[in-house]
Number of protein chains: 2
Amino acid sequence: MIQEHKSLPAIILVQPQLGENIGAAARAMYNFGLDDLRLVAPRDGWPNDRAGATAAAAAQVIDTARVVATTREAVTDLTHIYALTARPRDMVKDVQTPEIAVSEAKTHIQAGQKVGFLFGPERSGLENADIALANKIVTVPVNAVCPSINLAQCVLLVAYEWARQHTPDLPVAKQPTYATSEDVHKLVDFMMAELEARNFFHPPEKKPSMQANFRNALTRLPLTEKDLQTMWGALRVLLGKFQR
Amino acid sequence: MIQEHKSLPAIILVQPQLGENIGAAARAMYNFGLDDLRLVAPRDGWPNDRAGATAAAAAQVIDTARVVATTREAVTDLTHIYALTARPRDMVKDVQTPEIAVSEAKTHIQAGQKVGFLFGPERSGLENADIALANKIVTVPVNAVCPSINLAQCVLLVAYEWARQHTPDLPVAKQPTYATSEDVHKLVDFMMAELEARNFFHPPEKKPSMQANFRNALTRLPLTEKDLQTMWGALRVLLGKFQR
């Protein structure tokens, strides 16, 4: 069951070694909605049970992965190819961050082009011959004293960037019933009257700023109707006006 | 050797289970320059050899990690606390993406505040009592049909966001010696003259657009001086004007 992935970038793993890493990469892709996985000569053959097991909820990405013998075959239909590589190469090619590369890829895809990201084997990374097939190099800007990120993490960052640049907002969470301003201020008024009766706002010249500070403290956070009920109950108990 | 981490957010792992995951989280932090790790009651005690082994180049993050018994102790010095949780909670608290939360955290830190990100145990995630210590909830916006990302990956995304929002540009790579426009056009002129001599630009009414297209094709990509030398050599060989 080969799917059409017209509007999503392909993830191409060149000679991946461990089935677990292929599965983890598939899951990282699918976490952020990517599902076009292509494998170039996976070391341990194909299918690979460990890949499927690690992929878990992303099993369909594994099931529909295209497996080919050479990197060139994996990219035949693509128009814009990005090679992920950490090592500086003696090659004249633009080097971009994942952020910039994904932004550019998005523009290409919106224009109907087909984009893919190439990732090398776990140990050695992409060879120069594979990088030569790519239009651009993508380098994750890591801490020089701790530069090693693994294959699935690298795929995760590209997939995350893709989603981040496509879903700027979270779906709106279920909203609580917030209290109206008037309901909040009725509580504040009540508290301030009780405090006033106990000569809290002293000395008199500081009273206005003390009152303002007090009201500010309670209006700083949005309060829900339930919060207000709780606070009214607590106040009444504290003031001895209500017996449990 | 406790370090001061004044200007970096703390990463707090609450009851982490596997040493490997603690080590992987430390490495993910340090990949992007974070080094203030705090552990709340790690299940298998502390120190943990597997954490150090997995951390690899981030061993110093493990070595300087603060280990405490309760989440509350882990956050005593912090002013702004973000809880990473995937599950919707019946709690009234702002829910932010990592992108927004890190952007806000950056502002707080620049203002001299201290920020931390709370992560729950691998299996169960943060408990409500821990989330109640946080000011905001952070949820990674994942694909609903494949929402599971592991502890170290979640830390990786927060650390990546931190670095992404702090290092907008890669260090400038060693630049090749690009050819000047004039050198490129000398080659184009030469090729066009040779083509003209062979009656390539035909019919005459199409000659201007054919010439423009031809020049465009060669100026689309930046060419280096070395590229030009190669092309001059190849052309001369093709034209029989130069013998190897």
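**Sheet, chain A**

I started with the sheet of chain A in this predicted model. I found 7 strands in an open sheet, in the order β3-β2-β1-β6-β4-β7-β5, with parallel pairing. I then looked up the edges. They are β3 (66–68) and β5 (95–96) of chain A, and each pairs on one side only.

I followed β5(A) to its partner. The partner is β7 of chain A, residues 136–138. I counted 2 bridges between β5(A) and β7(A), and the two run parallel. For a residue pair, I noted V95(A) opposite I137(A) in β7(A).

**Helices on the sheet, chain A**

Next I checked which strands helix α5 of chain A touches. Helix α5(A), residues 98–110, packs on the sheet and touches β4 (80–84), β5, β6 (115–119) and β7 of chain A. I read about 150° between the direction of α5(A) and that of β6(A).

**Sheet, chain B**

I turned to chain B. Here I list 7 strands, again an open sheet with parallel pairing, ordered β3-β2-β1-β6-β4-β7-β5.

Strand β2 of chain B, residues 36–40, is joined to β3(B) by 3 bridges, and the two run parallel. V40(B) stands opposite V68(B) in β3(B).

Helix α1 of chain B, residues 19–31, packs on the sheet against β1 (10–14) and β2 of chain B. I noted about 155° between its direction and that of β2(B). Helix α5 of chain B, residues 98–110, lies across β4 (80–84), β5, β6 (115–119) and β7 (136–138) of chain B. It runs at about 150° to β6(B).

**Core**

Which residues have the most contacts inside the largest nonpolar core? I found L37(A), F117(A), L37(B) and F117(B), in a core of 82 residues.

I opened up F117(B). Leaving aside neighbours within four places in sequence, its contacts include P9(B), A10(B), I11(B) and I12(B). Y82(B), L84(B), A101(B), V102(B), A105(B) and V158(B) are also in contact with F117(B).

**Two copies**

Last, I superposed the chains. Chain B can be laid on chain A with an RMSD of 0.2 Å, using a turn of 180° and a shift of 0.1 Å along the axis. The two copies are therefore related as by a two-fold rotation axis.

I also compared the interface residues. Of those in chain B, 100% are also interface residues in chain A, so the copies meet through the same surface.

How values were computed
Residues numbered from 1 in each chain as written. Chains lettered and ligands numbered in written order. Predicted model: local features only at pLDDT ≥ 70, side-chain atom pairs only at ≥ 80, totals over all residues. Heavy atoms only, no water. Pairing = 2+ DSSP bridges. Helix = DSSP H or I, 4+ residues; strand = E, 2+ residues; numbered from the N terminus. Contact = heavy atoms within 4.5 Å. Axes fitted to C-alpha atoms, helices over the stretch in contact; angles between N-to-C directions. Core = buried A, V, L, I, M, F, W, Y, C linked by side-chain atoms within 4.5 Å. Buried < 20%, exposed > 50% of the residue type's maximum accessible area, 1.4 Å probe, protein only. Least-squares fit on C-alpha atoms with pLDDT ≥ 70 in both.
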